[in-house]
Amino acid sequence: MSVPAALPARQPTRRNAEAGLLVVALIIGLAAWANVDLVMLGELSPAFTIFAIAAIALAVVAHLGVRFAATYADPVLLPAVFLLNLLGLTMIHRLDLGEDARAVSNGTATPSPDVTAQLTWTALGVALFLLTLLVVRDHRRLQRYTYTALFIGLLLLILPLAPGIGATINGATLWVRLGPLSFQPAEIAKILLTIFFAGYLVVKKDSLALVRTKVLGLELPRGRDLGPLLVAWLVSLGVLVFERDLGTSLLFFGLFVGMLYIATQRFSWVVLGGLLFIVGSFGAYFAFNHVRVRVQVWLDPFAYQSEQGYQIVQSIFGLSSGGLLGSGWGQGFPLFVPYAKSDFIISAFGEELGYTGLAAILMLYAIIVTRGMRASVACRDPFGTLVAAGLSIVLALQVFVVVGGVTRLIPLTGLTTPFLAAGGSALIANWIMIALLLRISDTSRRPDAIVLSPDDALTQVMRL
Amino acid sequence: MSRQVRRLAAVLGVLLGALLLNLTWIQVLHADEYRARSGNTRLILEEYNRERGPILVNRSQVARSVRTDDSLNFLRVYKPGAEYAPATGFYSLVYGATALERTENSVLSGSDSRFFVDRIQQLFAGTKTKGGGVVTTLNAAAQDAAWQGLAGRKGAVVAINPTTGAILALVSSPSFDPNLLSNHKPDEIRSSYQALESDPDKPLLNRPLAITYPPGSTFKLVTTAAALESGRFTPTTIIPGPAEYQLPNSTKKLKNWSGQPCGPGGKITLEEALAVSCNTAFAWLGNELGADALRAEAEKFGFNTSFQVPMTAATSRFPANPDAAQTAQSAIGQFDVRATALQMAMVGAAIGNGGVTMNPYLVDQILAPDLSVLSQTQASVFQTAMSQANAAAELIMMVNVVDHGTGPNAQIPGVRVGGKTGTAQTGNDLPPHAWFVGVAPAEAPQVAVAVVVENGGGSPEISGNKLAAPIARAVIEAVLGS
């Protein structure tokens, strides 16, 4: 109406939209928990009050934190993540109750609930999320720590191999044990390595994009620029060979190739990366028995259904008995699948919430990844673009590898399902990743501060 | 760089699509196949975890689930048990399910697609899914009469409502107690099953549906129908009924049981031939009509067809290429003619239903978990076996059998009962089977019944009239009285 056209339109902060979505997430999460309690116990469990208070408090704190420290951040990311986290807690609680019932019918002592630890980790995750938002006021500053990130990241990756503190759990050596605490350093390493890749590629992207030769219509990069790709490939193979972790290995290599493609805008890197991946896979298949077993079980799990194929076959049974609509929360047999709370939590969801529920969960991940990619595209500096895209790739690949693994689309690996699975290190790392994505989207949506051109000196108003 | 980010996002979208397609494959398209795989204990536990729906006869539950304290939550209970076992079957942890428990499993377990709306409601109410009910067509009084009539002797009884094809009685004797096979103790189930399996009387057999017997003289009903339908014969047509019938192209002679001619001078009307069950007259008639005409008529009554009631009944047979001698024997229900009790009841029912053979069925209604009626079986025509006039004429001939012929034991004061006796040789050295096929009341038939007592049930004197007709009479009385 009478607003002068010359004034820039005020950018909406969308914080109220975020608050509204958080309320929706809370309602769904609390209703889910209440549903589990009513179906399995016939009444609300004492833990419901604690869960409800904690969930509401964490939502309020996280929202206020974003409102204060990242005013213009994307309004959908936090509620989507929060909902996933609540659903994960509810499923772990449901599995706790199932284990209680099993212990009662076997006449053994009831195990201590895992949901307590997971709730504590969630609180810690939200705290670190806020801390990240407060400390990293501008993501571009992270670029200064490119090589520090590389150093610490690699250190964390090889830490589980260190004698004394490293631990092998379920055949994979990716744990560090300090007294009662165990931690998966690879989870933090994935953030640090994303920062390193971004910082490195921002500087080197132009030289990496230079074309030397053309083979079969494919523009190949210069030979000496292949170095970093080969290093990433070797590190990934190292993780696979020494720590026996197929998932993490795949994740790092996919992340690096993806970011390389974005930075150099050359498809040839993807082709080269793909070739290296195929060579590495075949090499690993023939060189290492544990890889071979994984692949054989993947190809025909029912032939090994009482041995190595037990987990995946039980997972398929669970998913298929869930069908389109699922058995309903608390009415299936998700505990037939080993590691239902961690690696196979997706099977538990698939059984009790069915295809419909699982598709909804995958859509939540799709929303998070899309929002991350959107922050990447909107970001005005190449470093931020790369970090946001890298973090989104990490999340997306992780979901693909773990869901693909438990549904037998690809061979089974040992990654955790982001925000759902029981496990502290992954939860904390993922919350920090979301904080970084929010920070980047905040920076890109924030109205431009007045920029002073160095061409002209500022004249001051003087009171005389 | 943003173009590359978008492309990468598209690639990730493809990965998401792959995940969803794969899940569709496992959870929707091939879910049943995975669920049914061996090693999936879920299926059984899931079914036991749900309240399985009841199987009802009239308004009482002959099979129902009761809550238990053990991990399987529900126990299947059959009451009265053995009497209804041919209909209910059993529901066993070890041996799976049989009869209606098997064929109607999707309804009883609640997984039927017709319960979609109920399941959604149950999903939101957070309650455990419950199974639907199956109401049988059985008539408790008729079933009791047949069960008590056989009184443990080996044999089978089937009663049918002629106008609909609804099965009113389905009795197999001796039977078994399905509770023994449906409890929660696998070892007990195994030992009970093995004991039943090794019993020489084969109590696990579903005799009325699964066993085909030589129908003997009751098959003369089919031969008579073929004769009337040919247009060359009426009930009063005089046909030869000598003491012996020289089998064509054979040195053997087919004799009357009495050794005497059936009528004065070896001549007899068709009606009288049926009333006295004259073998030589029907053997002659068989060759007059020919095997093809007999087979065609038999097939219109249901021979050479497998019926799902919904359990699959054994196919009753009329031989494919009998020579003239074999045709003569086939016309009196011997040689390779074989029929289930169900089939012979269908013959009686079709004659009583103006010549129209109805498809037999055992399930009357499907009930939703809240016991409201979800679907009602509609009676359906199988084939027309005879013209209405010929059917009416043959029905009167059957009444004559009971009133003046071989089947007086089926007489009921005040009710015109039609029937046909049979005493069929078994071909081995065992005593013959006693048969009776009845239909009543002749004015407007409400029930057709077939009774077979295997090997005469150990009786020293064997005839359809003596052993089978009283059971048929009791069943008819039960249906008409209820």
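In this predicted model, chain B holds an open sheet of six strands, which are arranged in the order E3-E2-E1-E6-E14-E15 with mixed pairing. Strand E3 (74-78) and strand E15 (373-376) of chain B stand at the edges of this sheet, and because each has a single partner strand, one side of each is left without a neighbour in the sheet. Going from one strand to the next, the twist averages 25°.

Within the sheet, strand E6 (residues 133-136) and strand E14 (residues 363-367) of chain B run antiparallel and are joined by four bridges. A reader who wishes to find this pairing in the structure can look for Val135(B), which stands opposite Gln365(B) in E14(B).

When the contacts in chain A between residues at least 6 apart in sequence are considered, 71% of them join residues at least 24 apart.

Where do the two chains meet, and how many residues take part? On the side of chain A, 44 residues are in contact with 32 residues of chain B.

By class, the residues of the side of chain A that touches chain B divide into 26 nonpolar and 18 polar, with no charged residues.

One place where helices from the two chains come together can be followed in detail. Two packed helices are described by the angle between their axes and the distance between the axes. Helix H8 (residues 246-264) of chain A and helix H1 (residues 2-29) of chain B have axes that come within 7 Å and cross at roughly 145°, and H8(A) passes H1(B) in a right-handed crossing. Which residues make the contact? From H8(A) they are Gly258(A), Tyr261(A) and Ile262(A), while from H1(B) they are Gln4(B), Val5(B) and Leu8(B). Sorted by class, the contact of H8(A) with H1(B) has four nonpolar and two polar residues, and no charged ones.

Technical notes: Residues numbered from 1 in each chain as written. Chains lettered and ligands numbered in written order. Predicted model: local features only at pLDDT ≥ 70, side-chain atom pairs only at ≥ 80, totals over all residues. Axes fitted to C-alpha atoms, helices over the stretch in contact; angles between N-to-C directions. Helix = DSSP H or I, 4+ residues; strand = E, 2+ residues; numbered from the N terminus. Left-handed = near helix turned anticlockwise from the far one by under 90°. Contact = placed C-beta atoms within 7 Å. Nonpolar A, V, L, I, M, F, W, Y, C, P; charged D, E, K, R; others polar. Pairing = 2+ DSSP bridges.
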